[in-house]
Amino acid sequence: MKGLVAALAFLMVVASPLSAQPGGHFERVKVYGPALLGNLEGDDPVRDVSVYLPPGYQQNTDKRYPVVYLLHGYTDSDERWFGLRGEHFVNVPRAMDAAWAAGAKEMIIVMPNAFTRYQGSMYSSSVTTGDWEAYVARDLVTYIDNHYRTLVRRESRGIAGHSMGGYGALRIGMKYPGVFAALYAMSPCCMAPNMHPSIEQMTTAAQVQTQGQIDAAPFGIKAMLASAAAWSPNPIKGPLYYDLPVKDGEVQPDIVALWAANAPLAMVHQYIPALKSYQALHLDAGDQDVGINATVHELDGILDAYDIPHVAEEYPGDHVNRIEERLSSKLMPMFSSSLVFEQ
């Protein structure tokens, strides 16, 4: 499979003003994912991926670097996070340059574009979305190791993300502990199982049938559609290929159970050895990010109960207003101290 990915993947460096900035070097590549091939949503299995190389990468041509795989949130994209579509609440190159200027160790930062037909993959695995877990942990890692000077070992790889990306980092981190050695979940969404879905909201979601309606739907309705595609796929129920937890005004307990099974607060008990294997495990959320903050506290308590070494932090802020700063001041120092940098 490694040879297949290397043969099918291809590189396209996109000219960007970021490439001329002092500090790191930006590239945008396209990476084919066998794990995404045949997804029923019809999303392209060739994904755009943003790569930020550290300042020394071009000069120190014999040196190899650790890699941090950074996952963006729902309705977001790597373009927004890397400044390709104007100002955003976070700019990865600016944050990385600030971290390196402050003494963080040099590493490669990689972010795949997980914006899909339903505006977010949930970094999950289903016939509808494709297997995003394997795309990140297998296809993307293999491509990056084959095309960049990386340290090709678990101890030199980290995974992190914000919101849906924080959820994805936890999910993929639990399932692929042999690939990643350090994990940072920033304001992770979707942590708690929802055992009582809103009949009114789900009824509204059921009325969405076309791409135009998906695009025009409110954020909460979009999120339900993306969750259904990821967690309750139905391969014989076209054209959208999912089931919702409410049908004809009645809650569907079997679908509710499927969604609950994908909530990290329910999943975590099955992955204790995996989480104990991590060299570093960090969680955080702003004190004004009320619902997410509460679930981070709950996961903190579960990890404490299992004696899993970790750091959980509540900081002054909401869901987005401190993310760039924390990439520089918290996330990069954590990976600097936990990943292996030796050749």
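Reader: Is R171 buried or exposed?
Author: In this predicted model, R171 has a relative accessibility of 3%, so R171 counts as buried.

Reader: Which side chain does R171 meet in a salt bridge?
Author: R171 meets the side chain of E133, with an N to O distance of 2.5 Å. E133 lies in helix 4 (residues 132-147) and R171 in helix 5 (residues 164-175), so the pair ties together parts that are 38 residues apart in sequence.

Reader: And E133, buried or exposed?
Author: E133 is at 5% relative accessibility and therefore counts as buried.

Reader: What caps the N-terminal end of helix 4?
Author: The cap is D131. One of its side-chain oxygens lies 3.3 Å from the backbone nitrogen of E133.

Reader: How many residues of helix 4 are buried?
Author: Helix 4 is mostly covered, with 13 of its 16 residues buried.

Reader: Where does helix 4 bend?
Author: Helix 4 bends at L140, by about 30°.

Reader: Which residue forms a salt bridge with D145?
Author: That residue is R157, and the closest N and O atoms of the two are 2.8 Å apart. Since R157 lies in strand 7 and D145 in helix 4, the pair ties together parts that are 12 residues apart in sequence.

Reader: What are the relative accessibilities there?
Author: R157 has a relative accessible area of 9% and is buried. D145 also counts as buried, at 12% relative accessibility.

Reader: How many salt bridges does a search of the whole structure find?
Author: The search finds 16 salt bridges. There is a network of salt bridges linking R28, K30, D48, D78, E79 and R85. K237 and D243 also meet through their side chains in a salt bridge, at 3.1 Å from N to O.

Reader: Is K237 buried or partly exposed?
Author: K237 is partly exposed, its relative accessible area being 37%. D243, at 18% relative accessibility, counts as buried.

Reader: What holds paired strands of a sheet together, in general?
Author: Strands of a sheet pair through backbone hydrogen bonds, either parallel or antiparallel.

Reader: How many bridges join strand 3 to strand 7?
Author: Five bridges join strand 3 (residues 67-71) to strand 7 (residues 157-162), and these two strands run parallel. L70 stands opposite A160 in strand 7.

Reader: Where does helix 13 bend?
Author: Helix 13 (residues 323-338) bends by about 30° at L331, and the proline P333 follows within four residues.

Reader: Which residues of helix 13 are buried?
Author: The buried residues of helix 13 are I323, E324, R326, L327, S328, L331, M332, M334, F335, S336 and S338.

Methods: Residues are numbered from 1 along each chain as its sequence is written. This is a predicted model: local features need pLDDT of at least 70, side-chain atom pairs count only at pLDDT 80 or more; totals for chains, interfaces and linings use all residues. Side-chain values use heavy atoms; hydrogens and water are left out. The bend at a residue is the angle between axes fitted to the seven residues ending there and the seven starting there. Buried means under 20% relative accessible area, exposed over 50%, partly exposed in between (1.4 Å probe, protein chains only). Two strands pair if DSSP finds at least two bridges between them. A salt bridge is a side-chain nitrogen of Lys or Arg within 4 Å of a carboxyl oxygen of Asp or Glu. A polar contact is a pair of N or O atoms within 3.5 Å; within protein, one must be able to donate a hydrogen and the other to accept it, and residues adjacent in sequence count only if both atoms are side-chain atoms.
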